[in-house]
Amino acid sequence: MELKRVVVTGLGALTPLGNTVSEYWTGLTNGVSGAAPITRFDASKFKTQFACEVKGYVPENYFDRKEARKMDLFSQFALVVADEAVQDANLVEGNYDPDRVGVIWGSGIGGLRTFQEECVNFANGDGTPRFNPFFIPKMIADISAGHISIKYGFRGPNFVTVSACASATNAIIDSFNYIRLGMADVVVTGGSEAAVTEAGIGGFNALKALSERNDSPESASRPFDKDRDGFVLGEGAGALILEEYEHAKARGAKIYAEVIGGGMSADAYHITAPHPEGLGALNVMKNVLRDANIRPEEVDYINVHGTSTPLGDVSEVKAIQTVFGDHAYNLNISSTKSMTGHLLGAAGAIEAIASIMAVRNNIVPPTINHFTDDESFDSRLNFTFNKAQEREVKVALSNTFGFGGHNTSVLFRQFID
Amino acid sequence: MSEIAEKVKAIIIDKLGVEESEVTPEASFTNDLGADSLDTVELIMEFEKEFNVSIPDDQAENIATVGQAVSYLEEHAK
């Protein structure tokens, strides 16, 4: 059967750099850091006392109080960005068949704060179980997709992918596949995460995964810098409306870019450490190029996973050099996590948006916080350090990798009819 | 209004996000105050916590209005 073409027709973002796509893109291109001292809880006893939180978010601006109380923050974030994307795509009753609109969302963890609060309440009690009836439906990761479908009446395929920090990219790839196979006309996809909690920071601290640069939060996320010391936890969400091309054309939708390939692989190596030679990363980039049926030379920009951890950054770059050979020197490479921090299961969503906006605007957002070269990296590579660069971006590749050794890549191309 | 009735009212306003004027003795949680089955379970749990009582499921089923909640609690609250 002939595969259908899939295009991006709407975007939504709630990020540490801004609470709409436009604010987010402005932050990205200006090289702004979203890191600051943690406000969501008292972090004074924690090794890491900063994070990339969403700023100025007031639930009551988006939900009535009763509605907000029944949703963990990660679900609220999901609804906020889905709404921006649905409006941006001009999906209005009558211009789609609700049975053919799916929601495939990504979240690495789900309602971590809800889980933490309910367990703390129980532990502080006398052993009588007084769990809130909304505990489970607030916490479970898939409820985000459920909420979006309930709000809009989208009755097509509906589920959430869980693959740690690759979750949203898996969701995007699944959406792409369902549409190109003809199983849906439109899918609301993306991801959301809200893990800046005691359990989130404490848990990642115990793994020695987080930067502990408390004296300078805004310079802590420094992918590819010699003195990088771990990632900075972020929170937020991103939404994309993926749509079958003929469907989009028929209703006169604006088209941001075309999705041309999805790749997946596993490291099969270690629960948290990346494969030292970047084997999984190498395979996933080969897979995505093969899926899109393009040559490595056609790629202009790679939005890397690049979390700012000592090991991860090295293995990803090794993989890029193996896959792209000499063309690696022509690429723009950047880690927008230097600005947004690491949104875990939502990272793939906001980085897909960064990649799409790069394609649309021919601007590559930078890898900020570069102070000292690390000799582990080939100095001929262009990491887009510190300042955005203008260049034609016909094709952008976005990588995300998750604990468990899950690797995902997705390719976006400038839309040509 | 009794102290219990005041507290019951406050809990209902907080949990169901309704206006004080709507919380009349005859008001039904589901028909008048917009509660679904989970909201009702949550309300009962809040009453149990606030008034330090344990409301068995078969009796909880009979508490459908504000007045019924107040009566039950006035009788059973410790």
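Author: Helices here are DSSP runs of H or I with at least four residues, strands are runs of E with at least two, and both are numbered from the N terminus. By that count, residues 2-77 of chain B are 58% helix and 0% strand, and the end C-alpha atoms of the span lie 13 Å apart. This is a predicted model, where local features need pLDDT of at least 70, side-chain atom pairs count only at pLDDT 80 or more, and totals for chains, interfaces and linings use all residues. Residues are numbered from 1 along each chain as its sequence is written, chains are lettered from A and ligands numbered from 1 in the order in which they are written, and side-chain values use heavy atoms, with hydrogens and water left out.

Reader: What feature does UniProt place at residues 2-77 of chain B?

Author: The unreviewed UniProt entry has "domain: Carrier" there. Such annotations may be inferred rather than shown by experiment.

Reader: How do you know that chain B is in contact with chain A?

Author: Contact means heavy atoms within 4.5 Å. On that test, 16 residues of chain B are in contact with nine residues of chain A. The two chains bury about 1000 Å² between them, 47% of it on carbon and sulfur atoms; that figure is accessible area (1.4 Å probe) lost on putting the parts together, summed over both. On the chain B side, L38(B), E42(B) and M45(B) lose the most area, together 43% of what that side buries.

Reader: What makes D14(B) and R65(A) a salt bridge?

Author: A salt bridge needs a side-chain nitrogen of Lys or Arg within 4 Å of a carboxyl oxygen of Asp or Glu. The closest N and O atoms of D14(B) and R65(A) are 3.3 Å apart, so the pair passes the 4 Å limit. The count between chain B and chain A is five salt bridges.

Reader: Which elements of chain B give two or more residues to the side that touches chain A?

Author: Helix 1 (3-16) and helix 2 (37-51) of chain B do. Helix 2 supplies the largest share, seven residues.

Reader: Why is T161(A) called buried?

Author: Buried means under 20% relative accessible area, exposed means over 50%, and partly exposed lies in between (1.4 Å probe, protein chains only). T161(A) has 9%, so it lands in the buried class. The residue sits in strand 5 (residues 158-161) of chain A, and its side chain reaches the backbone oxygen of S167(A) at 2.7 Å. Among the residues it touches beyond four places in sequence are W105(A), N170(A) and D174(A).

Reader: And what makes F74(A) buried?

Author: F74(A) has a relative accessible area of 0%, so it's buried too. This residue lies in helix 3 (residues 73-88) of chain A. Its C-alpha atom is 6.6 Å from that of G110(A), 36 residues away along the chain. Its contacts include G110(A), M139(A), I140(A) and E193(A).

Reader: Is A268(A) buried or exposed, and how do you know?

Author: Exposed, because its relative accessible area is 76%. A268(A) is in the loop between strand 8 (257-266) and helix 10 (279-292) of chain A, and has a positive phi of about 50° despite not being a glycine.

Reader: Why is N386(A) called partly exposed?

Author: Its relative accessible area is 37%, so it falls in the partly exposed class. N386(A) is in the loop between strand 11 (363-364) and strand 12 (389-390) of chain A. Its phi is positive as well, about 70°, and it isn't a glycine.

Technical notes:
Polar contact = N/O pair within 3.5 Å; in protein donor to acceptor, adjacent residues only side chain to side chain.
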